Amino acid sequence: AAPMAGLSWEPFSLNGMNAAWMRRKAPHKRRRAILYCHGGGYTCGQLGYARVLASKLALSTGCDVLSFEYRLAPEAPYPSAIDDALRVWDYLMYMGIGARDVIVAGDSAGGGLALALCLYAKDHGLPLPAGIITMSPWTDVSLSGASYEENYTIDPLFGNSKENMLYQCSYIGNANPKNPYLSPLFGDFEGFPPMLMQVGAYEVLLDDTRAAAKKARAEGVKVRCSVYDGMFHVFQMGLDLIPESREAWEEVAEYLRIIYRSKCNK
């Protein structure tokens with residue numbers, strides 16, 4: 001599919017990894033970027049999947065959006081995805097886009113990967129981004145949240161069956177499911193930038209967001225946690241077709257305005 005009006009889609013090879021920039025054709029004077037991690041349970045998804053949300057991120061925020069194809073399980077289990085995300089982060093820094101001009105974003109498994117990337121950066125003394133956006137993030141591959149039972153019968157995507165990528169996660173491999181770079185819920189968020197976390201109320205993954213948001217707040221992080229009533233997994237894919245999705249994208253745009261206004265005042 002062609003990108004939305006006013007955008008350009010620029011695929012390229014990032015050291016052998018498929019990647020692409022989504023840019024507004026009338027760019028801002030100051031170059032700002034969103035590093036976007038796609039979802040798919042670490043087992044599927046590619047640039048074609050990323051393109052829809054990358055387009056909307058670019059239009060909503062005015063930022064250039066960088067998507068990439070991290071290696072997928074089962075052929076490439078943990079830590080392949082986070083290793084690839086780090087390569088992309090290093091590329092952004094090499095390109096001269098400072099960390100304070102980068103937002104890290106992701107949906108579903110990509111939301112977990114976005115948080116894991118920032119945990120790794122913090123733990124290893126790397127600069128952190130200006131902010132983090134997650135949409136229905138998978139923050140706990142050990143599936144410990146109460147919502148896995150409480151929403152089991154109402155989740156239209158992952159409910160009523162355990163024959164899906166959540167319960168059959170080949171990405172874990174031989175790793176401990178509670179390793180914070182796999183399940184960032186179990187990491188230490190102290191020092192993280194402001195986070196916007198969106199989730200649907202009908203998701204089995206609801207507590208992956210609520211618990212991570214609660215933990216981050218307790219560790220001193222500014223978190224906006226928005227639970228959208230009646231919504232399903234990554235409902236933001238509805239773009240402008242459903243009111244809740246429109247509202248979520250407006251919230252993303254407002255979050256970016258607040259982040260960069262505060263940065264400019266420093």
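Before going on, some ground rules. This is a predicted model, where local features need pLDDT of at least 70 and side-chain atom pairs count only at pLDDT 80 or more, while totals for chains, interfaces and linings use all residues. Residues are numbered from 1 along each chain as its sequence is written, and side-chain values use heavy atoms, with hydrogens and water left out. Helices (H or I, at least four residues) and strands (E, at least two) are DSSP runs, numbered from the N terminus.

Now the sheet. What is the order of its eight strands? The sheet is open, with mixed pairing, and reads β1-β2-β4-β3-β5-β6-β7-β8. Two strands pair here if DSSP finds at least two bridges between them. At the edges sit β1 (7–14) and β8 (223–228), each pairing on one side only. From one strand to the next, the twist averages 15°. Angles like this run from 0 to 180 degrees between N-to-C directions, with axes as lines fitted to C-alpha atoms, for helices over the stretch in contact.

Let's look at two pairings. β5 (residues 102–107) and β6 (residues 131–135) are parallel over five bridges, and G106 has T134 in β6 as its bridge partner. β7 and β8 also run parallel, joined by six bridges, and there G200 stands opposite Y228 in β8.

On to the helices around the sheet. Helix α3 (residues 109–123) lies across β3, β4, β5, β6 and β7 (195–200), at about 145° to β5; contact means heavy atoms within 4.5 Å.

Helix α2 covers residues 80–94, and its 15 residues reach 21 Å from first C-alpha to last, close to the 21 Å expected at 1.5 Å a residue. That expected span is 1.5 Å times one less than the number of residues. The buried residues of α2 include W89, Y91 and L92, where buried means under 20% relative accessible area, exposed over 50%, and partly exposed in between (1.4 Å probe, protein chains only). Among the elements covering the buried residues of α2 are β1, β2 and α3.

Back to α5, where we began. Its 13 residues, 206–218, should span 18 Å, and the end C-alpha atoms are 19 Å apart, which agrees. Buried residues in α5 include L206, T209, A212, A213 and A216. What do the buried residues of α5 pack against? They meet α4 (147–150), β7 and β8. Together, β7, α5 and β8 make a right-handed β-α-β unit: with the strands pointing away from the viewer, the path from the first strand over the helix to the second runs clockwise.

Finally, the aromatic rings. There are ten aromatic pairs in the structure. Rings of Phe, Tyr and Trp (its six-membered ring) pair if their centres lie within 6.5 Å, and planes under 30 degrees apart count as stacked, over 60 as edge-to-face and the rest as tilted. Y42 and W138 have ring centres 6.2 Å apart and planes at 35°, so this pair is tilted. The pair links distant parts of the chain, 96 residues apart: Y42 is in the loop between β3 and α1, and W138 in the loop between β6 and α4. Are these residues buried or exposed? Y42 counts as buried at 2% relative accessibility, and W138 is buried with a relative accessible area of 0%. Ring pairs also link Y42 and W138 with F68, Y70, Y78 and Y171 into a cluster.
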